[in-house]
Amino acid sequence: MTKHAFLSDEWFAIVERLVEVHGADAPGNIDVVTNVVVTDTPFGAERHLHMSSRAGRGHVGIGHADDADATVTTDYETAREMFTSGDPTAAMQAFLAGKVRIQGDLAKMIAAQAAGNPTASNAALLEAVQGITE
């Protein structure tokens, strides 16, 4: 399978198709939208994206959402580790190490982080995303 640079336009397009195949289940009680600023990327100084969990469905997309609860800023390598490692504690470890800055509703972010373990379909999605990520 062809690998694509993490957060490249090609990567986002493939991930979108993988979500269609595997689904993107999320805890049904979590309603959070997060904008993400990734610095020091191979594509320029910053890459903007958003992540959401609403009504049991997760979503990741290019650009920022107007209705975000918080904005997370981190560097490219830390973002790659958080998104693709499969380690549910990676984000918290990066935050505690000072590699992640959060502006906005921190309580909502922590609640979302603590909300749940991946379902079987999310594990398959994670494996597929890892398989296409450089």
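1. Arg-47 and Asp-9 form a salt bridge in this predicted model, a salt bridge being a side-chain nitrogen of Lys or Arg within 4 Å of a carboxyl oxygen of Asp or Glu, and their closest N and O atoms are 2.6 Å apart. The pair links distant parts of the chain, since Arg-47 belongs to strand E2 (residues 44-54) and Asp-9 to helix H1 (residues 9-22), 38 residues apart; helices (H or I, at least four residues) and strands (E, at least two) are DSSP runs, numbered from the N terminus.

2. A second pair is made by Arg-54 and Asp-31, whose closest N and O atoms are 3.2 Å apart. This pair also links distant parts of the chain, with Arg-54 in strand E2 and Asp-31 in the loop between H1 and strand E1 (32-41), 23 residues apart. Arg-54 is partly exposed, with a relative accessible area of 37%, and Asp-31 likewise counts as partly exposed, at 43%.

3. Arg-54 also forms a salt bridge with Asp-67, the closest N and O atoms being 2.5 Å apart. Because Asp-67 lies in the loop between strand E3 (57-62) and strand E4 (70-75) while Arg-54 lies in strand E2, the pair ties together parts that are 13 residues apart in sequence. Asp-67 counts as partly exposed at 41% relative accessibility. Through shared partners, salt bridges join Asp-31, Arg-54 and Asp-67 into one network; the structure holds four salt bridges.

4. Helix H3 (90-96) and helix H4 (106-114) are the elements that give two or more residues to the patch, and H3 gives the most, with three residues. Phe-95, placed in helix H3, counts as partly exposed at 31% relative accessibility.

5. On the basis of these values, local features need pLDDT of at least 70 and side-chain atom pairs count only at pLDDT 80 or more, while totals for chains, interfaces and linings use all residues. Residues are numbered from 1 along each chain as its sequence is written, and side-chain values use heavy atoms, with hydrogens and water left out.

Definitions and conventions: Buried < 20%, exposed > 50% of the residue type's maximum accessible area, 1.4 Å probe, protein only.
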